[in-house]
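Please keep the structure in view while reading.

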Amino acid sequence: MGYWKRLLEVDLTGGDHGTEPLSEEFVRTYLGGAGFTTRLLYDEVGPDVDPLDPENVLAIAPGLLVGPSVPTGSKTTFGFKSPLTGGYGKSLVGAKMGDQLKRAGYDALVVKGACEGPSVLVVDDEEVRIEPADDLWGLDTRETHERLEERYGSGVRSAVIGPAGEAESRISMIECEDRQAGRGGPGAVMGSKNLKAIAVRGSKDVPVARPEELEELNRKWRLETTGRGEIEISGTGDASVDVQYGTGEALDAKNTALGIFPTRNWQSGYFERAYERLDDRSADRISIDPRHWTEEYVETKRPCPYCSKPCSQWFEAEDTAYGDVAVDGPEYETQYALGGNVEVDDIEAVAKANEICDRLGLDTIDAGNAIAWAMEAAERGLLDEFDADVELEFGNAETVLELLRRMGRGEGDLGELLMDGHVRAARRVGAGEEFAVHVKNQSPAGFEPRGIKGMALAFGVSPRGADHLTSCLYALEMNGNFWEFENYDRTRMDGKALALKSMEDLMAVYDATGICKFTRGLTLAEGVRELVNAMTGFDLTRSELLTAGERTYNLSKAFNVREGFGREDDRLPPRFTEPVPNGPNEGESIDEERYERELDRYYTARGWNVEGVPLAETLAELDLPDVAEAVGVTNELRA
């Protein structure tokens with residue numbers, strides 16, 4: 001129980017579709033969500049496949065606990081070979097369509113091939129069909145979903161792309177009704193397949209092995225996550241601070257106390273100008289810190305399915321200097337990428353930038369970093385040959401908005417230059433790669449690692465490129481204590497390897513189950529284990545559960561190794577070796593020798609060789625014998 005044990009496969013090229021059984025061994029080994037998509041991706045897509053080829057797949061799997069009202073059990077994983085990194089692609093989203101896919105009777109969906117023209121994949125319980133979508137091509141994401149509702153009814157749930165995905169922008173995302181599968185360029189994968197949208201509706205009850213036990217646990221975790229057993233979604237009076245202000249609730253602390261808020265294309269971790277102007281009400285602007293804007297702009301929440309701890313902030317404003325604004329957010333990563341990193345400290349501008357990205361289908365993190373890179377490149381005189389016709393300077397909100405509009409459609413010299421991200425832009429220009437901040441071509445999340453040094457290692461080793469949610473190590477780094485680890489010093493590099501490995505394994509379990517990491521400090525391994533066992537009847541031990549996470553993580557690494565990734569791809573951008581010029585971490589930098597030493601320790605903790613390749617015995621112990629044979633090495637340097 002707990003599964004349908006059914007995989008839906010759709011070949012867009014020929015229009016064929018069918019179901020494949022998922023064995024008891026498969027579901028127990030990989031659990032669901034990112035566990036399923038990682039295994040499917042490894043099996044289906046080899047190193048000879050370009051990410052934008054029809055042979056690339058889009059594997060979609062709701063988390064194991066999506067469906068039966070598990071508090072915060074909302075996450076669905078999109079798996080693909082990444083157009084941005086060329087390697088392992090994974091993006092999670094609190095998608096209503098994932099919930100409906102489960103209710104339609106499928107544990108996962110694999111989309112292959114490409115349509116001849118713009119199309120919609122419709123999954124309506126057992127009925128699966130591909131329909132033309134010429135009338136949808138060119139529409140933004142909101143317009144597309146509205147048309148889908150008109151065509152298929154208000155109960156339909158969707159995953160759609162905007163013009164950026166149609167243009168195969170490598171930083172384009174998939175929009176799931178105000179929730180985004182943002183990282184790695186999944187929108188470009190759909191665009192390359194001429195797949196404008198996936199529309200899903202399901203009517204079945206999700207199977208549960210021990211329903212009474214699960215419902216008792218659901219009641220327990222609703223109380224734990226809300227503090228009162230119910231959720232107030234129209235106001236914020238009783239909510240905890242993180243619910244009241246969303247993921248940006250600690251922005252001020254990250255900036256002024258910790259100095260880890262990326263600013264001016266990662267030149268600093270301290271957005272000084274914004275905080276100097278906080279008391280200046282003569283300026284027609286409000287700080288990007290949510291403690292200064294939620295009361296004025298947020299009247300409601302639009303949480304993910306089954307959310308009992310909503311970070312959603314539905315932002316609405318009329319007649320601003322940037323026009324009307326309506327968007328879910330901005331969340332912390334957008335506050336940094338389209339705020340601090342481009343030195344825009346007006347929340348109305350940042351919210352409008354967020355809305356443009358959501359409508360056109362751009363990942364806000366990589367889009368903001370591309371613009372920040374361009375602003376620094378212009379300062380250095382590297383973009384003089386491009387017809388900008390905008391003031392390409394830090395702090396210019398109008399420029400940010402205009403560049404996003406152009407990037408979303410690949411229009412104009414700069415729009416075309418930046419639409420695939422700042423690394424490819426620097427390589428095209430032939431200069432500026434030394435200040436293009438990335439790992440594996442992907443921009444980091446908003447944690448300046450010179451002031452939170454364990455995150456430097458986390459960014460470096462993440463298989464999907466610089467990323468914070470693969471490990472959530474910042475939860476330990478910022479507080480010093482988390483889960484089984486105590487007294488960690490964020491200013492030190494050494495001693496972080498084992499904690500990082502353990503946190504990655506735990507977070508891989510979250511990605512398999514679909515539990516939101518906003519509750520990571522509450523459910524932890526034991527709470528998730530209880531939910532998994534009630535859902536499935538497996539009675540997994542804590543060790544077995546964490547081993548499932550470790551297995552998926554190693555499989556994602558093996559995918560990259562097979563693609564030719566090595567130790568050099570786990571290194572950091574040169575900017576992080578530069579001393580921070582101001583703020584709480586003035587003078588701090590990443591010492592390359594210490595980083596390399598901790599990287600060695602991390603590889604050892606993982607059971608990999610010094611080049612970062614999993615040992616065959618490690619993979620075999622994780623019940624991955626085929627992967628061990630194909631990718632694993634002995635404990636020696638490869639020739």
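Which residue takes a positive phi in the hairpin of β4 and β5? In this hairpin, which has six residues between the strands, Gly-86 takes a positive phi near 80°. The model is a predicted one, in which local features need pLDDT of at least 70 and side-chain atom pairs count only at pLDDT 80 or more, whereas totals for chains, interfaces and linings use all residues. Residues are numbered from 1 along each chain as its sequence is written, and side-chain values use heavy atoms, with hydrogens and water left out.

Helices (H or I, at least four residues) and strands (E, at least two) are DSSP runs, numbered from the N terminus, and two strands pair if DSSP finds at least two bridges between them. Strands of a sheet pair through backbone hydrogen bonds, either parallel or antiparallel.

Within the sheet, β4 (residues 75-81) pairs with β3 (residues 58-62) in the antiparallel sense over four bridges, and Pro-62 has Thr-76 in β4 as its bridge partner. β4 and β5 are also antiparallel, over seven bridges; here Lys-75 stands opposite Gly-94 in β5. Six of the seven residues of β5 are buried, so this strand is largely enclosed by the rest of the structure. Buried means under 20% relative accessible area, exposed over 50%, and partly exposed in between (1.4 Å probe, protein chains only).

Of its 14 lining residues, Lys-90, Thr-470, Ala-508, Asp-511 and Tyr-553 are the closest to its centre. β5, α20 (497-513) and α22 (542-562) each supply at least two residues of the lining, with the largest share, four residues, coming from α20. On a 1 Å grid over the protein atoms alone, a cavity is a set of points where a 1.4 Å probe fits but cannot get out, and a pocket is an open set with protein on both sides within 12 Å along at least five of seven lines; lining residues have an atom within 4 Å of a point. Grid points are joined across faces, edges and corners, and a volume is the space filled by probe spheres set on the points.

The second largest pocket holds about 210 Å³ of space. Among its 13 lining residues, the closest to its centre are Arg-142, His-145, Glu-146, Asp-178 and Arg-302. Asp-178 lies in the loop between β10 (174-175) and β11 (180-181), has a positive phi near 70°, and counts as buried at 16% relative accessibility.
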